[in-house]
Amino acid sequence: MPDVVVVGGGIIGAACAYYLSRAGAAVRVLERRFLASGTSRACDGLILFSDKPSPAEYTLAQTSAQLWAELAGTLDQDFEYVRSGAISLAETERELAESARKTARLQQSGIRAEVLEAPALHALEPNLAPDLAGGIFYPDEAQVDARLATVALLQAARRQGAVLQEGIQVTGLRRAADGRVVAAITPAGDVAGDAVVLAAGVWSGQIAASIGLELPVRPRKGHILVTSRVPGLIRHPLLEGSYSASVHTAAEETQVALVAEMTAGGTVLLGSSREFAGFDRSVSETVVRAIAARAIRFLPGLARASVIRSYAGLRAWTPDHLPLIGPAGLGPAGGPAGGPAGLYLATGHEGAGIGLAPVTGSIIADWITSGQMPALAESVRPGRFLDN
Amino acid sequence: MSTTELAVIGAGPAGLAAATTAAAHGVQVTLIDELPGPGGQYLAPTGATGRVHAPLSAAEQRGHGLVNALSGSRIEMRTETIVWSLSADRRLQLYHAGRVDELVAQVVVLACGAREVSVPFPGWTLPGVMTVGAAQLLAKRHGLAVGKRVLVAGSGPLLLPAAERLVRMGAKVVAVVEAGPITAWLRLGKAMWGHWDRGREGVHYGGALLRAGIPYRFGRAVTAAHGGERVESATITRLNRAGSPIPGSETTVDVDTLCVSFGLTPNIELAQLAGCEFAFDPRRGGWTPVVDDRNQTSLAGVLAIGDMAAVEGAASGMLEGRIAGLQAAHLAGRLPASAVTEAIGENAAARRRNRRFGAALNTIFAPPIGLYGLAADDTPVCRCEEVTAGEVRKAIAGGVTELDGLKVWARVGQGPCQGRTCGSILAQMIALQTGRPVADSGMFQVRLPLKPVPLAALAAADGGHDVA
Amino acid sequence: MPADAASVTFTIKVDGRRVPATPGQSVAAALLEAGITVFRHTPAGSPRGLYCGMGVCFDCLVTIDGLADQRACITPVRPGMQIQLTP
C-alpha cells in the first residue's frame with residue numbers, strides 16, 4: 001500500500017487523508033499552521049448543488065452531497081450536519097420567472113426543486129421581507145460546520161492510521177531524476193512518499209511553481225459576517241437569486257450576493273462577496289456594510305441583531321469553475337502520469353470546497369490506490385489545463 | 001466621513017493627558033470613549049452630577065483636574081462611541097447612537113486601558129461573582145455597594161482599596177484572601193522607592209481593614225463558588241508554593257457577592273487590528289505594542305500609552321500621555337522635535353521609577369500558574385460559548401499549541417468578547433499543560449468589528465449594491 | 001444606596017415592570033439596585049449577570065428598546081427605556 005503525503009490541512013486535505021487511509025494507504029498530512037487555519041475556517045458550511053449550472057459541476061456536487069450524508073452517519077464526531085434544504089430568493093416576479101425556467105432545466109438533471117409563490121415562501125420562512133415575489137426551494141441542500149467537519153474527517157483519518165503534522169510549512173516539491181515528484185520539501189527536511197497530494201488551496205500555486213508547474217488557480221476573496229444569536233430567525237439556508245451568477249461571472253469587480261446560514265448555536269453566517277484581491281485577507285468595511293444591507297433587505301428582523309465579528313477567506317478559483325482533482329500529469333520525462341506515483345492535485349474548489357470535499361477525497365483515493373481514473377474524475381482532470 | 005488631526009481613543013487618565021496636552025498646543029483633537037463620560041475606569045465619576053466619592057488620591061485629583069479641563073478646551077469629546085476598527089492608515093470606524101461613521105486622523109493615540117485577569121474556578125460564572133473592578137465601578141460611579149456579605153479574593157494591590165471602599169459603604173466584607181504569600185508585599189516594598197504616595201495609600205487601606213476587623217489572609221484562593229441562580233457560598237483553600245490547592249485545607253463561607261481579581265491585562269485589540277508590532281513582556285503586563293521613547297508604535301502616526309502599553313497605573317499613564325500629546329503636537333507641526341526630547345529628558349527618572357513599579361506589580365502579583373488547574377473539567381473557561389476546561393484540555397492534549405488553533409479544535413473565542421476574557425486563561429492553560437513558555441501560544445487573532453455593531457447601522461451606511 | 005439623594009428619579013421598564021432609575025446610572029446599576037442579579041440565561045441554561053462591569057466580557061447582555069445583546073454595565077439609563085431580560 002502506498003505512502004502518501006498530503007500537503008494542506010484544510011477540509012480537502014482532511015478528506016483526502018480520510019479516504020486514502022480508509023483504502024489502506026499510509027498517510028501523512030503536512031499543515032503549515034494548524035488544522036483548518038486557511039480557507040476552511042473562513043467558510044459557511046453549505047453543501048449546494050442548486051447553484052451549479054453545468055451537468056459536470058452538478059454531478060460532482062450531487063455525488064459529494066450523498067457522501068456527506070453517509071459521513072454524517074459514520075464519522076464519530078458530530079459536525080452539525082443538517083439537511084433542511086435551501087431557498088433561492090426572488091425579489092421580483094421577473095426574477096422568479098427566470099429562476100423557474102432555470103429550475104426546470106435543473107429538474108431535468110434530477111434536482112428536486114419547488115417554485116414558491118410569495119405566500120408559500122413566507123409559510124416556510126415567516127421572517128423574510130414581505131415584498132419578496134417568491135423563491136425556489138431545493139429540499140436536498142444541506143449544511144455542516146466547516147471547522148468541525150474538518151476536525152471530524154481528520155480525527156477519523158488518524159484512527160485509520162493517518163498522521164497529522166501541524167506547524168510544518170511545505171516550501172516546494174522534490175523531483176527524482178526521472179521527473180517524478182517524490183517528496184515534499186520542508187525546513188526540517190524532505191517528507192517522501194509514493195504520491196504527494198497538493199491540497200493547499202490558493203497556496204498550492206506557490207508550491208507547484210517550485211517545479212515549474214503553473215496552476216490556473218487564483219485567490220477569490222470572500223467575506224462572512226457572524227451575527228449575535230437570533231434563534232429561530234430562519235429555518236433554511238437562504239441565497240439571493242443572483243448568487244449563482246456571482247459565482248460564475250468572470251468580472252473583476254466585487255460581487256455581493258446574500259447567503260444566510262443559521263448555525264447550531266443560533267448565530268447566522270452572512271455572506272457573500274467575491275473579488276480578486278490577490279492574497280489579501282483583510283476585511284473590508286465597505287463589503288461588510290454591503291452584506292449587512294442585503295441581509296437587512298431580506299431579513300428585516302436582523303435589525304435587533306449585531307455583527308459580532310467578520311472574516312475573509314480566499315477561495316481557490318479556476319477558469320471553468322471545476323476543481324483540479326487527479327494526477328498532475330508529471331510522469332517520467334514530464335509526460336502524462338500513469339499509475340499511483342508522482343504529484344496529485346486536489347485544489348481549485350472556489351467556494352464549493354466544503355461541499356466537494358468528500359468526492360475529492362474519494363477520487364484521489366481511487367486514483368492513487370487503483371491507478372485508474374474513476375468515471376467521475378474526467379471533468380476535473382488537471383490535464384485539461386496542464387497537458388499542453 | 002470626517003477628519004481630525006489627533007484622535008485619542010480612551011478618555012481615561014492617559015488619554016485625557018494626551019488630549020489636553022496636544023490641544024494646549026493648538027492641535028485639533030477628537031477624544032473618543034465608549035462610556036457616557038470621560039474618566040475611564042480609574043476616575044469613574046458619577047454621570048449625573050460629576051460628583052465624586054471622596055477621598056481622592058493625588059493621582060485621582062490630577063485626573064479629575066484633566067476632566068475639568070475638557071470643558072474649557074476645544075477638544076471634541078465623543079462619548080458612548082465605539083471604535084470598532086482601526087486601519088494602519090489611521091481610519092477609525094465608529095459606532096454611536098445607531099449610526100456608523102468613519103473618522104480619518106493624522107495621528108492616533110491609543111489609550112484603551114486594561115481589563116482584569118480572570119482565573120476560572122467552579123461556579124465563577126454565577127451572578128454575584130464579579131471582578132474587583134466591577135465592584136469598584138459600582139461603588140465609585142453609582143454609590144452602589146454591590147452586596148451584603150462580600151468576599152474579596154485574588155492577588156495584587158486592587159484588593160485592598162476595593163475592600164476598604166466596600167467597608168466604608170457599609171457592606172460586610174467577610175475576608176480578603178490573597179493567593180500570594182505575605183512576602184510578596186515585602187518584595188514590592190523595594191520597588192516602591194519613590195512611590196511614597198502609593199505606600200501611604202496602602203497603609204491607609206490596610207489600617208481601615210484592621211480597624212474593621214476584616215481578616216486578610218495570604219496563600220489562599222477561592223476554589224469554588226456555590227449557588228443556584230446566584231452565589232450563596234464560597235470555598236477558600238490554602239495554596240502550596242506552586243499555587244495549587246492543598247487538599248483538606250478548605251473552608252466554606254456564606255457570601256452573596258464574590259469579587260475576584262488577578263491583576264490587569266492590556267486592552268490591545270485596536271493596536272492588534274491596525275497591525276502594530278507586539279512583544280510579550282510580563283513586566284509590562286503581557287502582550288503589549290512595541291513603542292519607542294516617544295510612545296510611537298511600529299505604525300507611523302500611531303502612539304500607545306497608559307495601561308494598554310504597560311500596566312503601570314494612572315500616574316504613569318498621565319506622564320506618558322503628556323509625552324504622547326507633545327509628540328502628537330510635533331507630528332501635527334506645532335512643536336519641534338526638541339520639545340519632545342526635552343520633556344523625555346526631564347522625566348527620564350520618573351519614567352524609570354514607573355517602569356520599575358509596574359514591573360514589580362505585574363510580576364510579583366501574577367497569579368501562580370497552578371491556579372489554572374482550579375477549573376474542573378465541566379467548568380466553562382470560555383464564558384461566551386460555554387466551552388469547558390475539559391474540552392480545552394483535550395484539545396491541548398491532542399497537540400494544539402496556538403491560541404488560534406484552540407479556536408478550531410475547541411471552539412473558544414468565537415463569541416462577542418473575541419477572547420478578551422478567555423485569551424489569557426487559555427494561554428496559561430496551554431503553558432501549564434505543555435510546559436511551553438506562555439508567549440509561544442501567541443495572541444488571539446481579533447476581527448472587526450472589535451465590539452458588536454448593530455446590523456441596521458451597518459446596512460444604513462452602505463453606499464449601494466456596487467462595492468467596486 | 002445612591003449617595004446623591006437630590007437626583008431626580010425616573011422609571012424604566014424591566015420586562016414590563018417599573019423600576020426606579022437615576023440620571024447617570026448604568027442599566028446594570030439600576031437592575032442591581034432593584035435586586036435583579038440574573039440578567040439572562042445562556043443557551044445551556046446558566047444564569048449570568050454582571051461580571052467585569054466595564055464592557056469587555058459581554059456577560060451582562062440585555063435587550064434595550066428592541067436592540068438585543070446590549071451591555072447593561074456601560075449603557076446609561078434613559079427615561080422610558082424598555083429592558084427585556086427574558087426573550
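**Strands, domains and a chain contact**

Q: Hi! In which sense do strand 14 and strand 15 of chain A pair?

A: Antiparallel: strand 14 of chain A, residues 238-240, pairs with strand 15 of chain A over two bridges. Keep in mind that this is a predicted model.

Q: Thanks. Which residue of strand 15 of chain A stands opposite A:L238?

A: That would be A:A260. A:A260 also stands opposite A:L270 in strand 16 of chain A.

Q: How many bridges join strand 15 to strand 16 of chain A?

A: Six bridges, with the two strands running antiparallel; strand 16 of chain A covers residues 268-274.

Q: And what do strand 15 and strand 16 of chain A form?

A: They form a hairpin that has five residues between the strands. In the turn, A:G266 has a positive phi of about 95°.

Q: Is strand 15 of chain A mostly covered or mostly open?

A: Mostly covered: strand 15 spans residues 255-262, and eight of its eight residues are buried.

Q: Which residues sit on each side of strand 15 of chain A?

A: One side has A:Q255, A:A257, A:V259 and A:E261, while the other has A:V256, A:L258, A:A260 and A:M262. Both faces of the strand are covered, with all of these residues buried.

Q: Let me zoom out. Into which domains is chain A divided?

A: There's domain 1, made of 3-73 + 146-217 + 319-386, and domain 2, made of 82-141 + 218-317. The centres of these two domains of chain A, taken over C-alpha atoms, are separated by 28 Å.

Q: How many residues of domain 1 are in contact with domain 2 in chain A?

A: On the domain 1 side of chain A, 25 residues are in contact with 32 residues of domain 2. The elements giving two or more residues to that domain 1 side are strand 3 (46-47) and helix 2 (55-74) of chain A. Helix 2 of chain A provides the largest share, four residues. By residue type, the domain 1 side that touches domain 2 has 13 nonpolar, nine polar and three charged residues.

Q: Which strand of chain B do bridges join to strand 17 of chain A?

A: It's strand 22 of chain B, residues 453-454, joined to strand 17 of chain A by two bridges and running antiparallel to it. A:S306 has B:P454 as its bridge partner, and A:V307 has B:V453.

Q: What about strand 13 of chain A, how many bridges join it to strand 17?

A: 10 bridges join strand 13 (residues 218-227) to strand 17 of chain A, again in an antiparallel arrangement. Among the bridge partners are A:R220 and A:R315.

Note on methods. Residues numbered from 1 in each chain as written. Chains lettered and ligands numbered in written order. Predicted model: local features only at pLDDT ≥ 70, side-chain atom pairs only at ≥ 80, totals over all residues. Domains from an automatic or database assignment. Contact = placed C-beta atoms within 7 Å. Nonpolar A, V, L, I, M, F, W, Y, C, P; charged D, E, K, R; others polar. Buried ≥ 20, exposed ≤ 12 C-beta atoms within 10 Å, placed from the backbone. Pairing = 2+ DSSP bridges.
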